Amino acid sequence: MEECAATGTWDGEILIVTQNIDDLHERAGSRNVVHMHGELMRVRCTSCGATPAWHGDCLPQTPCPHCHRPTLRPDVVWFGEIPYHMARIEAALQACDLFVAIGTSGVVYPAAGFVQLARTHADTMEFNMERSAGTDLFDQTVLGPATKTVPRWVREITGS
């Protein structure tokens, strides 16, 4: 972990990988967010692969704004489909110094296996309401509501 002692600011890169399909991370000001299960405010064309932002109605006959075919669907990963951005996520896991999982059951793969990729070379932390199925894989587990435990931890590591 790289911390600037003089200012208490984080000097490294943060990548947020979320299974959520909403835009709450972005609305909270987060940057560098990877939505592994897609984004609710986008559509995906099954013909040309375009994924434009979408805020209105999308009916079966709605044409794709790129190829004009009526083959749009929500840009979300459905059961049985491979999550998005897996190569980028795996590269980040193999390069990270710290892996933090917040609110996990530890049983839904592939996300449940992320700690196993990171723990060989990185510190690992779990923030959860209760112990997960993968708690034993983490170096440290912090129990309690994330709304309280995560801000406290951030204040500790940043010195603010």
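1. A salt bridge is taken here as a side-chain nitrogen of Lys or Arg within 4 Å of a carboxyl oxygen of Asp or Glu. The model is predicted: local features need pLDDT of at least 70, side-chain atom pairs count only at pLDDT 80 or more, and totals for chains, interfaces and linings use all residues. Residues are numbered from 1 along each chain as its sequence is written, and side-chain values use heavy atoms, with hydrogens and water left out.

2. Four salt bridges are found in a search of the whole structure. One of them joins Asp75 and Arg44 through their side chains, at 3.5 Å from N to O. Asp75 belongs to strand β6 (residues 72-76) and Arg44 to strand β5 (residues 38-45), so the pair ties together parts that are 31 residues apart in sequence. Strands (E, at least two residues) and helices (H or I, at least four) are DSSP runs, numbered from the N terminus. Asp75 is buried, at 5% relative accessibility; buried means under 20% relative accessible area, exposed over 50%, and partly exposed in between (1.4 Å probe, protein chains only).

3. Asp23 and Arg27 form a salt bridge at 3.4 Å, N to O. Asp23 is partly exposed at 32% relative accessibility, whereas Arg27 is exposed at 61%.
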